[in-house]
Amino acid sequence: QVQLVESGGGLVQPGGSLRLSCAASGSFFSIDAMGWYRQAPGKQRELVAAITSGGTTTYADSVQGRFTISRDNAKNTVYLQMNSLKPEDTAVYYCNAEVLLGSRGPYYGMDYWGKGTLVTVSS
């Protein structure tokens with residue numbers, strides 16, 4: 001079982017910055033990709049950014065050039081640096097991890113989610 005705990009959300013003015021963190025803990029063999037998703041009221045959850053274990057990144061077009069995802073594999077932690085924030089970035093941000101479970105083979109791949117952290121961009 002794996003737990004993902006997000007932190008760093010809050011209220012920020014347009015043009016401001018926030019840094020989100022997500023730490024994974026529990027029993028697992030390894031973590032493959034990690035990512036950040038967000039969901040605004042009445043909207044579908046959408047991918048914001050993702051990063052592979054090797055460091056390859058993917059971004060939604062809406063955040064390209066403003067957000068940066070990174071990870072510390074030794075700490076099982078993923079970060080999202082959010083700059084030039086806009087009101088439309090307001091949402092609950094969820095951490096996701098693709099985890100390979102098992103103390104021995106065969107291993108089982110599972111997606112885990114954090115409970116979310118609220119980011120509000122407003123004057």
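Let me start with L47, which sits in strand β5, residues 46–51. This is a predicted model, so please hear every value that follows as computed from predicted coordinates. With a relative accessible area of 33%, L47 is partly exposed. Leaving aside residues up to four places away in sequence, L47 touches W36, Y37 and A60. For a sense of distance, take L47 and A24: they are 23 residues apart along the chain, and their C-alpha atoms are separated by 19 Å.

Now the overall architecture. Reading from the N terminus, the order of elements is β-β-β-β-β-β-β-β-β-β-β. The radius of gyration is 15 Å, close to the 14 Å that the globule rule gives for 123 residues, so the protein is as compact as a globular protein of that length. Along the principal axes, the C-alpha atoms fill a box of roughly 50 × 25 × 25 Å.

Some totals for the chain. Buried residues account for 39% of the 123 residues. If we take contacts between residues at least 6 apart in sequence, 56% of them join residues at least 24 apart.

Next, the cysteines. The structure holds one disulfide. Which residues does the disulfide join? It joins C22 to C95, with an S to S distance of 2.0 Å. The two ends come from distant parts of the chain: C22 is in strand β3, residues 18–26, and C95 is in strand β9, residues 91–101, which puts the pair 73 residues apart. As a reminder, a disulfide is a covalent bond between the sulfur atoms of two cysteines. The torsion about the S-S bond of C22 and C95 is about -85 degrees, so this disulfide is left-handed.

Are the two cysteines buried or exposed? The cut-off for buried is under 20% relative accessible area. C22 has 0% relative accessibility, so C22 counts as buried. C95 also has 0% relative accessibility, and therefore counts as buried.

Staying with strand β3, there is G26. Not counting residues up to four places away in sequence, G26 touches Q1 and Q3. G26 and Y59 are 33 residues apart along the chain, and their C-alpha atoms are separated by 27 Å.

Now the loop between β8, residues 77–82, and β9, where we find L85. Its relative accessibility is 2%, so L85 counts as buried. What does L85 touch, setting aside residues up to four places away in sequence? The list is V12, P14, G15, G16, S17, L18, R66, F67 and V121. Q13 is another residue to look at here: L85 and Q13 are 72 residues apart in sequence, and 7.6 Å apart in space, C-alpha to C-alpha.

S84 is found in that loop between β8 and β9 as well. S84 is partly exposed, since its relative accessible area is 40%. The backbone is the point to look at with this residue. S84 is not a glycine, but its phi is positive, at about 50 degrees. For context, most residues other than glycine have a negative phi.

Where is N76? N76 lies in the loop between β7, residues 67–72, and β8. N76 also has a positive phi, near 50 degrees, and is a residue other than glycine. Its relative accessible area is 24%, so N76 is partly exposed.

To recap what to look for on the screen. The disulfide joins C22 to C95, and links strand β3 with strand β9. L85 is buried, at 2% relative accessibility, while S84 is partly exposed at 40%. The positive phi values to check are those of N76 and S84. That is the end of my part.

Note on methods: Residues are numbered from 1 along each chain as its sequence is written. This is a predicted model: local features need pLDDT of at least 70, side-chain atom pairs count only at pLDDT 80 or more; totals for chains, interfaces and linings use all residues. Side-chain values use heavy atoms; hydrogens and water are left out. Helices (H or I, at least four residues) and strands (E, at least two) are DSSP runs, numbered from the N terminus. The radius of gyration is taken over C-alpha atoms; the globule rule is 2.2 Å times the number of residues to the power 0.38. Buried means under 20% relative accessible area, exposed over 50%, partly exposed in between (1.4 Å probe, protein chains only). Contact means heavy atoms within 4.5 Å. A disulfide is a pair of cysteine sulfur atoms within 2.5 Å.
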